[in-house]
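I set out to read this structure for the first time and to keep a record of each item looked up. The entries follow in the order in which I made them.

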Amino acid sequence: MSSKMSRRKFLKVVAGSGAVGFGVMAAGCKGKPSGAEGWIPDQYQSKGDFPVNLKGRVAISATNPSIERDDEKCILCGQCVEACKNVMGVYGNYPLPLKSEIACVNCGQCVMWCPSGAITEKRNIDQVLAAIDDDTKHVVVQTAPATKVSLGEEFGMEPGTSVGKKMAGALKEAGFDAVFDTCFSADLTIMEEASEFVHRLTAAKDEIPHLTSCCPGWVKYCEYFYPELMHNLSTCKSPQNMMGATIKSFYADKMGIKPENIVNVSIMPCTAKKFEVAREELEVDGNRDMDYVLTTRELAVLLKRKGIDLNTVPEREYDSVLGESTGAGKIFGATGGVTEAAVRSAYFFATGSNPPADLLSWQPVRGMTAVKEATASIPGVGTVNIAVCHGLENARKLLDGIKASGSSKWQFIEFMACPGGCIGGGGQPKSTVAAQNSAKLKRIEAIYKEDTGSEKRCSHDNTEIQSVYKEFYGKPLSEKAEKYLHTTFVNRHDRLFD
Amino acid sequence: MAVLVDITKCIGCEGCSVACKMYNGLDFKAKPRNIKDGQVELDDNRWTVIQEFHPEDGKLRFVKKQCLHCLEPACASACFSKAIQKDEKTGAVVYYPDLCVGCRYCLVACPYSIPKYQWEEQFPQVAKCQMCEARVEKGDAPACVSACTTGALISGDRDELIKKAHEIINSDSRYVNHVYGEHEVGGSQWLYISDVPFEELGFKQVSETPVTSYTKSYMSKVPGFAAAWALFLAGLSYYNHRVEKNKKQDDDKQDKEG
């Protein structure tokens, strides 16, 4: 441009626009305030006095070992609050102000209900892959019974497809050095727990009712809310940790591997297991029982990252020494399964003979009823009243009833935190509708089919279990078994209550 | 409109900060959390944050931090371009980016160090809680308040909330007998009650005198002074001109006579 602006003209323009700006401002024009350009769900478009309908979200501590949340995906729909409060009986069941920690039993039901995928498990995939790539480490993996009937769903199979052997094949292909079956250690748990139960029935009556302790969500719940019942909990470690302790002692000796060079990985349907493996008391002679837990969903991600398709992978058998399992160990994954398995072996320990056919297909403890009651008559011990409970809100009602009446009409109570037992665990493949039972029922069906299809139906018939006892533990509840297979509990009541 | 924060009821879910980001269209992952002295701090994409305190062993408290919306906002008084204004109807202290010249006087003026600046932007703006002024005007609660599940945040009329706060304090001996925000720097729309002394929860000890009152005595005289000064200069100019004019007339006369 050829026209030049004189200094005088420039100053006039600047001063003039300044004067216009001042005029606009002084006249009260202000434009739009910043913010308010986003979106918020409909339920918040109201006067926000508490309580409005469903809303908000649960608190998740940054130090939570099991679950985490991506704030960007959270839509504040309140489904997690629903699950935590109405299914698990945690949220809203402790007084405010908080004491020393955010209450969480790590069950992961909020993960299952979260419709936007904001809440997930805290992933350990990278650590496990690094351990596999580390040549100095002997990486041992175990698979929980409930994962065998659900992993297929992540690869497009129908719910209730049994993929145990395919999973073993896939894990071997992924580079794990040994693939063991948690059903084996479930049998081991039954050996210990049934013996313990028979002992309590006959000699330690103050520890009756006997409460199961293989569910880490339930155990933490008991420690939080019912510390007075902690001495009723079975002292048995969970099958996962029994396996871990056995691998780092018996198996390590047998193979001549140093326990510190073994990395124990488990495939679990559960997020609370990630909390459980970090519990201080779960180590023997300085060796942690377990190192990493992968949920069923994480395993699917790991396999896909490795390019392994479960549909095409060849079936393989679980490795020997800790790989054989009976029908009793397999049904651990369903609600009522632990009870049924324990009663089968308790019957044997009391009478010396295997239970009759009706106890091998014990319908009263099966199914999705909230609290199931059953009676077993065991010659020499008498009648045993049993309750099976799943979903911790149901557990709360049941235990409050016991507290109110002062005594329990049951001698044995099984608790599972998640609805349906482990097959409905917080680490399982997510279905489109969180609360629907159809997938859970199909998984349960598959588990019982595996049981009836098994050659051996009782834990004590497991030949590998017999040899572990013969070579290492001696007999159930022996000193060595107490050291490796039993644990203690931590009173967490004062972390939530005054 | 005011908000009462009951610190004893907060469980630290951070739903409020998510609601804030959602409603105000803020970027969730623009920057990592700004950690200062072990606490997440406000920044231009975090208009409200939840800070975690362990006042003593085995005690856990969460404190929501955002603009307190003072009754006599120092930021608004420091702003010469009126980009921060106190909304008379809602009580919200609102920022208008269109009027902002970017001087950042408000950042300096705020007794709580609340306003943040978009340092990385080419045309930066100030960022702070607006108390969801548009929602409040419609009668809705601010977004954070409506996302609170435990009742730690309650919105309502300021006088009623102060009354309620004192009722809560009087009915429960665990509470500290102090409503933070009732008198602090002249009072604010956001009020806090707690069972832990406020200084242990990162609350600033501020005087009860409004910041604006320090400058009010002479700043209020500025318009009069400016007018008087202008008048004085005008008079001086008029006098000068008159002297010159008379001199010129005298010269002309002499010329004619001469």
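**Entry 1: a salt bridge in chain A.** I looked up Lys165(A) and Glu317(A) and found their side chains joined in a salt bridge at 3.2 Å, N to O. For this term I took a side-chain nitrogen of Lys or Arg within 4 Å of a carboxyl oxygen of Asp or Glu. Lys165(A) belongs to helix H6 (residues 164-174) of chain A and Glu317(A) to the loop between helix H11 (296-305) and helix H12 (327-330) of chain A, so the pair ties together parts that are 152 residues apart in sequence. Over all chains, I noted a count of 40 salt bridges by this rule.

**Entry 2: basis of the values.** I recorded that this is a predicted model, in which local features need pLDDT of at least 70 and side-chain atom pairs count only at pLDDT 80 or more, while totals for chains, interfaces and linings use all residues. Residues are numbered from 1 along each chain as its sequence is written, chains are lettered from A and ligands numbered from 1 in the order in which they are written, and side-chain values use heavy atoms, with hydrogens and water left out. Helices (H or I, at least four residues) and strands (E, at least two) are DSSP runs, numbered from the N terminus.

**Entry 3: a sheet in chain A.** I found an open sheet of four strands in chain A, in the order E4-E3-E6-E9, with parallel pairing; two strands pair if DSSP finds at least two bridges between them. Strand E4 (178-181) and strand E9 (292-295) of chain A are the edge strands, each pairing on one side only. Neighbouring strands here are turned by 25° against each other on average, direction ignored; the axes are lines fitted to C-alpha atoms, and angles run from 0 to 180 degrees between N-to-C directions. Strand E3 (residues 138-143) and strand E6 (residues 262-268) of chain A run parallel and are joined by six bridges. I noted Val140(A) opposite Asn264(A) in E6(A).

**Entry 4: a sheet in chain B.** I found three strands of chain B in an open sheet of mixed pairing, ordered E10-E1-E11. Strand E10 (153-156) and strand E11 (190-193) of chain B each have a single partner strand, so one side of each is left without a neighbour in the sheet. Leu4(B) has Leu191(B) in E11(B) as its bridge partner.

**Entry 5: backbone exceptions in chain A.** Most residues other than glycine have a negative phi, and most peptide bonds are trans. I found a cis peptide bond between Leu96(A) and Pro97(A), with omega about 0°. Pro97(A) is in the loop between helix H2 (79-87) and helix H3 (109-113) of chain A. The bond from Ile208(A) to Pro209(A) is cis, with omega near 10°. Ala36(A), a residue other than glycine, has a positive phi near 60°.
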